[in-house]
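User: I have a structure to go through with you. Can we take it piece by piece?
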Amino acid sequence: MMLQTGCARRLCHALKGQSRAYSAPTSHSVPPTKQKYIPTAGTYPKGFLAGSAHAGVKLSNTSTNDLALLVSETPCAAAAVFTRNVFQAAPVTVSKQVLELRNGDSRTRLSKQLGDEYGRNWTAVSLLREFLATVRKLIGPYSLPIQKITSKIPALYHSLGSTHNHWLDTARAICTTDTFPKLLSRTFTLPSSPSTTYAIAGMTKGAGMIHPNMATLLSIICTDAPIASSALYPLLRQATEGSFNSISIDGDTSTNDTVALLANGAAATSSKLITIAGGEDYAAFQSTLSSFMADLAKLVVRDGEGATKFITIRVLGAPSIVAARQIAKSIATSSLVKTAMYGRDANWGRILCAIGYSHLDSSTSESIVVPNQTSVSFIPSDGSAEFKLLVRGEPEAVDEARASEILAQEDLEILVRLRDGGEKEGMGAEGEEATVWTCDFSHEYVTINGDYRT
């Protein structure tokens, strides 16, 4: 997938004067339980166009669109966070260079071809020379079929549009083992201009090789709010911690992970920009972005490879958010916990085990987790009473039939209180908290990943 980060202002008028071929969305086999997560309509940010085309990058793909393009009709601010895996894929290194240099010298062949396509078709348009590139492919010594891709650039370009179907088709085009396209959009206002409605939209892909620190995950978020380039990265960085860096499917961090945020200000009614020192507007957009990205990240977990359950892990009473998140992630990545959830087994001992080893690399582990102050419960998604498993280090008599009923539900929360009924000097009983989202491990996960390359 390629993301355009800027283009000549007259592109908008050139596009309006030409017809663009567009095919209706093809039907996809989406599991009945996942249909509810696919939006049937949306409100999308002004000045952005989305398109997709079929290149057949994978030999077995004979019809599904696998090229995607997002374009801003006017120059836009851009920021991105990338995988922390030291083996970083070429699209990651290229996109980093583009964001750092912003002078077009770091184009890949794909980006150059697309820029040339603009130049050939619209003589009134200056050639674009700024792209972010994202690619979904097997990790390892495999080259992309460049000729297949570049030959479809004209079709990709002419597919661009701004309707809900254009955005949904583009979200489909970035899918791999995903069972449904992940697309969200919503509107919001800012304190300084309450009568102006802005929009934010985003798409993401990922179902396996998902783990925090840029969980194989790609996500693109666009807004027509006016945000200064200098403010965009800190906004994205903070929102990422409570969203894409707070999910895990299988504990593997990909080499390709990218989350990008683009803002073109197309809906603004004044020249005022949101800046780092932007006061109420900055805080309001941070809240909007954080909530939006969290909801987008949750869709990735709901589509975890072979997953049958969406699990929220909430840890309370930690001395710091970092400590709370580390414990929550330890539970989320425990294969024994995840398989117990799949088997509807209320084996709280596995949860305690994951809590206990979560800080083995820390000299302060004993002060973080105090066994006789630790409580563990299930919070049923049907609104019924908290199901207590362990209270201040002492096991509860577990109603196995009721536990099985709770674990049969699609959604489940595991609640951990580290200071239940006790206080530590300098910290209240509740302390800091963190939430991580994960899923269960099923037989299907092994089947998918055992046969992935074939």
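User: How many residues sit between β11 and β12 in their hairpin?
Analyst: Six residues lie between β11 and β12. Gly383, in the turn, has a positive phi of about 85°. Helices (H or I, at least four residues) and strands (E, at least two) are DSSP runs, numbered from the N terminus.

User: Before we go on, what kind of model is this, and what are the ground rules?
Analyst: This is a predicted model: local features need pLDDT of at least 70, side-chain atom pairs count only at pLDDT 80 or more, and totals for chains, interfaces and linings use all residues. Residues are numbered from 1 along each chain as its sequence is written, and side-chain values use heavy atoms, with hydrogens and water left out.

User: Back to β11. Which way does β12 run against β11, and over how many bridges?
Analyst: β11 and β12 (residues 387–391) pair antiparallel over three bridges. Two strands pair if DSSP finds at least two bridges between them. Ser377 stands opposite Lys388 of β12.

User: Which strand do six bridges join to β11?
Analyst: That is β14 (residues 411–417), also antiparallel to β11. Ser375 has Arg417 as its bridge partner in β14.

User: Is β11 mostly covered or mostly open?
Analyst: Mostly covered. Five of the six residues of β11 (375–380) are buried. Buried means under 20% relative accessible area, exposed over 50%, partly exposed in between (1.4 Å probe, protein chains only).

User: New topic. Which residues other than glycine have a positive phi?
Analyst: Arg344 and Arg392 are among them. Phi is near 60° at Arg344 and about 45° at Arg392. Arg344 is in the loop between α10 (335–342) and α11 (348–356). Arg392 is in the loop between β12 and β13 (394–395).

User: Why does Arg344 count as partly exposed?
Analyst: Because its relative accessibility is 43%. Arg392 is partly exposed too, with a relative accessible area of 43%.

User: Now α6. Why call it largely enclosed?
Analyst: Because nine of the 10 residues of α6 (164–173) are buried. The buried ones include His164, Trp167, Asp169 and Arg172.

User: What do those buried residues pack against?
Analyst: Five strands: β2 (48–53), β3 (67–72), β6 (182–190), β7 (193–205) and β8 (218–223). Contact means heavy atoms within 4.5 Å.

User: What about the largest nonpolar core?
Analyst: The largest core has 61 residues. Trp167, Ile221, Ile227, Phe244 and Leu289 have the most contacts inside it. Helix α8 (residues 280–302) gives the most, 11 residues. A nonpolar core is a set of buried Ala, Val, Leu, Ile, Met, Phe, Trp, Tyr and Cys residues joined through side-chain atoms within 4.5 Å.

User: What does Ile227 touch, neighbours within four places in sequence aside?
Analyst: Its contacts are Ala77, Leu232, Leu235, Ala263, Leu273, Ile274 and Phe285. A second, separate core of 33 residues includes Ala324, Ala340, Ile351 and Ile368.

User: Last one. How many helices and strands does the protein chain have?
Analyst: 14 helices and 15 strands. Of its 454 residues, 53% count as buried.
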